[in-house]
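Here's a quick briefing to read with the model open beside you. Grab your viewer and follow along.

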Amino acid sequence: METKRTILIVDDSEFVRNYHTYVLEQAEFQVITAVDGSDGLEKLYSNRCDLVLTDINMSNMDGYEFIRRVRADIQYRALPIIIVSTQGESRDKAKGFEAGATLYLVKPCAPETMVENVRMILTAA
Ligand SMILES: [Mg+2]
């Protein structure tokens, strides 16, 4: 059997973490969760992750700063990072891509859209 790919979910909402975890586990992914950007960095450094899904609005360290810090480390330059945020304005998206995001999805995101995009990016990576 093929080894499961690991997704790191970074979101300060317990509801969103649980929901995204459920959706991705149903799609046969292994999931690790973090409650904010700094927790996300810790989880990333202590696990082998294939892809990151991150929120933007989080206390402590927001998604933009989290992505910038991840990208500052050369070993994570190619790590796929998907922003999943309620903020859907084009300037938010521009800021996300500037920080280094691979893709920007707007919440609420249909489960099949999320899974499709994750699969597509992992196939391309
Ligand atoms: Mg949030």
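Within what distance do the axes of helix α2 and helix α3 come, and at roughly what angle do they cross? They come within 9 Å and cross at roughly 30 degrees; axes here are lines fitted to C-alpha atoms, for helices over the stretch in contact, with angles running from 0 to 180 degrees between N-to-C directions. Keep in mind that this is a predicted model: local features need pLDDT of at least 70, side-chain atom pairs count only at pLDDT 80 or more, and totals for chains, interfaces and linings use all residues. Residues are numbered from 1 along each chain as its sequence is written.

**Overall picture**
- The protein chain has 5 helices and 5 strands, and from the N terminus they run β-α-β-α-β-α-β-α-β-α. Helices (H or I, at least four residues) and strands (E, at least two) are DSSP runs, numbered from the N terminus.
- The C-alpha trace spans about 40 × 30 × 30 Å along its principal axes.
- Of the 125 residues, 29% count as buried (20 or more other C-beta atoms within 10 Å of a residue's own; exposed is 12 or fewer, partly exposed in between, with C-beta atoms placed from the backbone).

**The α2/α3 pair**
- Helix α2 covers residues 37–46 and helix α3 residues 63–72; the two are therefore roughly parallel to each other (angles under 35 degrees; over 145 is roughly antiparallel, 65 to 115 roughly perpendicular and the rest oblique).
- G37, G40, L41 and L44 of α2 make the contact with G63, E65, F66, R69 and V70 of α3 (contact means C-beta atoms, placed from the backbone, within 7 Å).

**Around Q30**
- Q30 is found in strand β2 (residues 30–34), and it counts as partly exposed because it has 15 C-beta neighbours inside 10 Å.
- K4 sits 26 residues away along the chain, yet the C-alpha atoms of Q30 and K4 are separated by 5.9 Å.
- Setting aside neighbours within four places in sequence, Q30 is in contact with K4, R5 and T6.

- Most residues other than glycine have a negative phi, and most peptide bonds are trans.
- E28, in the loop between α1 (14–26) and β2, has a positive phi near 70 degrees. With 10 C-beta neighbours inside 10 Å, E28 counts as exposed.
- N60 also has a positive phi, about 75 degrees, and lies in the loop between β3 (51–54) and α3. N60 counts as partly exposed, with 13 C-beta neighbours inside 10 Å.
- K107 and P108 are joined by a cis peptide bond, with omega about -5 degrees; P108 is in the loop between β5 (103–106) and α5 (111–124).

Definitions and conventions
Contact = placed C-beta atoms within 7 Å.
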